[in-house]
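Here is a short briefing on aromatic contacts for you. Have a look at the model first, then read on.

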Amino acid sequence: MIVEQPGGRPLRILQISHAYPPTFGGVESHVWDIAHGLAAQGHELLVLTGGSPLPGDDDGPVRVRRHPPIGVQPLLAARRGSKPDELQPQLLADLRGIVGPVVKEFRPDVLHLHNGHHFGPELARVCLDTGVQTIVNGVHDRVGERLCLEVLDWPWDFVVYASHYLLTALPTERPAAVRWLGIDRVAFSPDGPLDERLVALPGPVVFHPARLLRWKGVEDGVRAFARMRPVLGGGTLVLCASEDIADDPAEVAALRMELTELAGQLGVADAVRFMHFDRLRIAEAYRAADLVWYPTIDEEPLGLVPPEAMAAGTPVVVTRSGGMRETVVEEVTGLAVDKGDHVALADAALRVLTDPQLRAKLVAGGRERSALFDIGEYVSWLAEVYEKPPQG
């Protein structure tokens, strides 16, 4: 639950994102959180996103408009064969036909585009041409080959980076600031219901709450778990199988088959479970797990999972990857290992699962550090940026 806080004058705020819940992912969750947090402060919110319209899009404090061409896969299909910073005329026209009428009808004071530099420059160009008084670009991602770097220096009023790592990797000449994303620390608290599916599994339960993507280190997780299981005398590894994600469903399905085959080859097929999770109830899974790990093998932009797990009172093991160097303090709030080292991942997880004193220390440290990622404080700061963007 997000507590209403006093702010400045009420604003009409248009949030634009490639995807939005129920689509599963970190950026999607962040946009949902800030939209509802801003609405709780008395602002009027409209989210423009990809996908097809859903029942309930006009219910509640945040209205949602879904249009397939804004989604990741349609954008990539429309840009097939184009250079990263090359504007595709037909796509540009299609997006103008979507964004323009929404801006004309809603008349926003603020337009906040998330990942304007990702998947193609057309959406960013359309947003900047709307004439909205304040236009903000949120930089959440660096991973992948579909980055339009020149977009970062286009005339945004302000650029918000999710981590210091991202600012270093993707610098801009525009006025900018780093602000770690917020989490709902009431929802992600140690107190609350447990996911009964995880409770019923043979323990200890290791949970990897990431989309089923290769760069998230899921293969290393299976290999590490197979190495740990004989030492533990049992246990279960839980992977996310949510199919409503922005990524290519064919690639996700193929990877799941690979992981299933790998688990069989390593003798742990019976102990690797694929489960679907509702983002509004995923905190129940954190609380029911004995360990959360996030062994990303590329550079993680920030990673909401470590702060969420720390807030929920579950110890974490991560890789030394991108923004997770900022969220996790090694040996204080969690353990960290090198990327791609499944042996070190297994050893670190075993330390946490077999050493009660270490576990208690990490849980206490994680709970304390999670206060730095409070969604209420993030939303209040963002509302101030919208009201008067800092000058570079």
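Five aromatic pairs turn up in this predicted model, where rings of Phe, Tyr and Trp (its six-membered ring) pair if their centres lie within 6.5 Å, and planes under 30 degrees apart count as stacked, over 60 as edge-to-face and the rest as tilted. As the model is predicted, local features need pLDDT of at least 70 and side-chain atom pairs count only at pLDDT 80 or more, while totals for chains, interfaces and linings use all residues. Residues are numbered from 1 along each chain as its sequence is written, and side-chain values use heavy atoms, leaving out hydrogens and water.

**A stacked pair**
- Trp180 and Phe373 are stacked, with 5.0 Å between centres and 20° between the planes.
- Trp180 lies in the loop between strand S7 (176–178) and helix H6 (196–199), and Phe373 in the loop between helix H13 (356–369) and helix H14 (375–387), so this pair ties together parts 193 residues apart in sequence.
- Phe373 is buried at a relative accessible area of 1%, whereas Trp180 is partly exposed at 23% (buried is under 20%, exposed over 50%, partly exposed in between; 1.4 Å probe, protein chains only).

- One aromatic cluster is formed by Phe188, Phe207, Phe277 and Tyr286.

**Confidence**
- The average pLDDT (the predictor's confidence in each residue, from 0 to 100) is 94 for the chain, and 95% of the residues score at least 70.

Note on methods. Helices (H or I, at least four residues) and strands (E, at least two) are DSSP runs, numbered from the N terminus.
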